[in-house]
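Subject: The structure we talked about

Hi there,

Here is the structure I promised you. Have a look at it first, and then read on for what I found.

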Amino acid sequence: MKAAEIRKKFLDFFVEKGHKVEPSASLVPVDDPSLLWINSGVATLKKYFDGRLTPDNPRIVNAQKSIRTNDIENVGYTARHHTFFEMLGNFSIGDYFKEEAILWAWEFLTDPKWMGLDPDRLSVTIHPEDDEAYRIWREKVGIPDERIVKLESNFWDIGEGPSGPNTEIFYDRGEHLCDPNDPECYPGGENERYLEIWNLVFSQYNHNPDGTYTPLPKKNIDTGMGLERMASVMQDVPTNYDTDLFQPIIQATCREAGVEYGKDKETDVALKVIADHIRTVVFAVGDGVLPSNEGRGYVLRRLLRRAVRYGRKLGVDRPFLYQLTGVVAEIMKDYYPEPLEKQAFIERVIRGEEERFLETLSEGLHILAQVVEQVREVGTGRISGQDAFKLYDTYGFPVDLTEDFAREHGLEVDREGFERAMEEQRERARAARQDVDSMQVQGGALAELEVESTFVGYTRLQTDTRVA
Ligand code: ATP
Ligand code: MG
Ligand code: MG
Ligand code: MG
């Protein structure tokens with residue numbers, strides 16, 4: 001079953017259950033300074049959950065594009081994590097509650113008319129004190145006791161405001177994927193056997209300012225299912241990257257680089273990271289974010305530079321990522337027309353960024369190799385904050401790129417030292433700006449230029465790649 005069909009079936013199923021389809025919103029949060037990116041389906045519906053607005057229909061269903069950077073280190077290594085993914089969700093704003101939410105999730109997953117999964121392959125986790133959820137799973141659905149796992153962590157709480165227990169649904173991808181004696185081999189543990197596909201949150205308490213919890217007068221349901229994960233299950237493939245959402249991107253990269261997917265582990269990691277990051281970049285630029293040195297723009301820049309560097313590992317040293325824009329647009333166009341509509345613009349942004357970074361990448365990698373060599377000789381196991389800063393400042397290496405490289409060589413980066421060096425630079429910039437002001441030279445542009453020139457000076461190469 002193609003991913004597009006899963007998405008459609010999910011929406012159709014919940015429309016049959018009286019839900020209204022809410023279109024996917026921009027990745028850039030509106031009126032929500034607490035979030036850098038929309039990171040889940042519920043993030044765009046907060047206005048209903050916190051009572052600011054009342055929806056026409058208390059039952060909502062959506063497919064929401066989401067960005068999560070907290071999972072970045074897993075990308076390319078686990079079968080299931082992305083920086084950009086789609087979350088399918090059904091929501092109840094003070095309408096139906098636990099029983100319907102659980103029974104409908106089960107129906108959607110197991111009924112042959114919908115996903116038709118083998119019920120024996122499904123297990124769930126619940127909060128230890130959530131007797132109601134236990135009873136519904138055990139008695140109404142009929143899941144055997146040993147496949148209902150109680151986890152203290154199954155409680156959704158973001159501080160003050162609505163909170164409550166949750167239940168997660170896992171698909172068993174096969175016994176061979178973890179040793180039953182491994183303490184992490186259970187649904188919810190760190191393993192590749194039990195794949196979390198769906199999370200149902202029962203927001204039933206208010207977390208009060210004094211730390212107590214009181215029942216909410218109107219209880220809500222908030223669920224999220226990862227489309228890419230569901231696609232890997234429905235297409236019976238080992239990872240999300242083997243689905244129709246990623247394969248065309250990976251194959252296009254293979255053609256460009258002259259490599260094959262599925263032959264060599266390191267090559268596959270690079271192909272996966274590139275496929276993941278390009279989706280994020282295409283959608284973020286499509287939603288109006290441009291590479292820069294702070295906030296969302298810097299996330300974008302980091303992802304692009306990381307992808308460029310993985311491209312280099314595959315032997316590609318010319319701009320190529322921009323050409324994948326069309327591939328992504330083609331895969332996603334049914335539900336998300338923006339990448340296709342803005343293809344030329346997105347390509348231009350990506351290409352410009354690739355060209356700029358490629359100017360300093362070779363030299364930076366050369367320096368980095370020398371640094372690694374030195375660290376090995378000294379035996380500290382750690383790249384200094386000063387070196388990481390120099391790579392950032394002179395060669396445009398985001399610190400996580402240096403960390404990737406370090407990790408590949410069994411080393412780490414002195415992150416604190418790096419942050420200190422950054423702070424010192426900011427101080428110097430502030431001081432320089434004050435000097436300029438006090439001399440009453442022309443303001444604005446010239447002052448900025450003066451400030452920039454105080455940053456350089458480590459090596460003969462003084463290109464400042466940090467400036468867009
Ligand atoms: P995991 O434990 O696997 O990291 P999670 O519990 O952090 O997932 P939730 O916040 O519950 O994830 O999100 C709801 C659903 O969205 C998950 O059940 C999963 O299917 C999907 N999902 C979450 N994070 C990612 C990600 N980084 N990449 C792809 N899908 C994701
Ligand atoms: Mg997670
Ligand atoms: Mg989880
Ligand atoms: Mg979860």
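Predicted model: local features only at pLDDT ≥ 70, side-chain atom pairs only at ≥ 80, totals over all residues.

Let's begin with helix 6, which spans residues 247-257. Which residues of helix 6 are buried? They are Q247, I249, I250, A252, T253, C254 and A257. Among the elements that cover these buried residues are helix 7 (265-286) and helix 9 (325-332). Just past the end of helix 6 you will find G258, with a positive phi of about 70°.

Now for the ligand. Ligand 1 has 15 residues around it, and D71, H81, H82, E196 and N199 come nearest.

- A nitrogen atom of ligand 1 lies 2.7 Å from an N or O atom in the side chain of D71.
- An oxygen atom of ligand 1 is 2.8 Å from an N or O atom in the side chain of H81.
- For the side chain of R229, an N or O atom is 3.0 Å from an oxygen atom of ligand 1.

On its own, ligand 1 has 590 Å² of accessible area, and the protein covers 83% of that. Which strand gives the most to the shell around ligand 1? That is strand 8, with four residues. Strand 3 (84-93), strand 8 (194-207) and strand 9 (213-226) each supply at least two residues of this shell. By type, the shell residues divide into four nonpolar, five polar and six charged.

R306 has its place in helix 8 (residues 295-313). Is R306 buried or exposed? Its relative accessibility is 3%, so R306 counts as buried. Leaving out residues up to four places away in sequence, R306 touches I72, V273, H277, L401, D404 and R407.

Q374, in helix 11 (residues 343-378), has a relative accessibility of 46% and therefore counts as partly exposed. From Q374 to G410 is 36 residues in sequence and 14 Å in space, C-alpha to C-alpha.

Finally, here is something to look for in the backbone. Most residues other than glycine have a negative phi. D31 has a positive phi, near 55°, and sits in the loop between strand 1 (20-22) and helix 2 (46-49). D236 also has a positive phi, near 50°, and is found in the loop between helix 5 (227-234) and helix 6. With a relative accessibility of 68%, D31 counts as exposed. D236 counts as exposed as well, at 68%.

Enjoy exploring!

Best wishes

Methods:
Residues numbered from 1 in each chain as written. Chains lettered and ligands numbered in written order. Heavy atoms only, no water. Near = heavy atom within 4 Å. Polar contact = N/O pair within 3.5 Å; in protein donor to acceptor, adjacent residues only side chain to side chain. Areas by Shrake-Rupley, 256 points an atom, 1.4 Å probe, with all protein chains shown as cover. Nonpolar A, V, L, I, M, F, W, Y, C, P; charged D, E, K, R; others polar. Buried < 20%, exposed > 50% of the residue type's maximum accessible area, 1.4 Å probe, protein only. Contact = heavy atoms within 4.5 Å.
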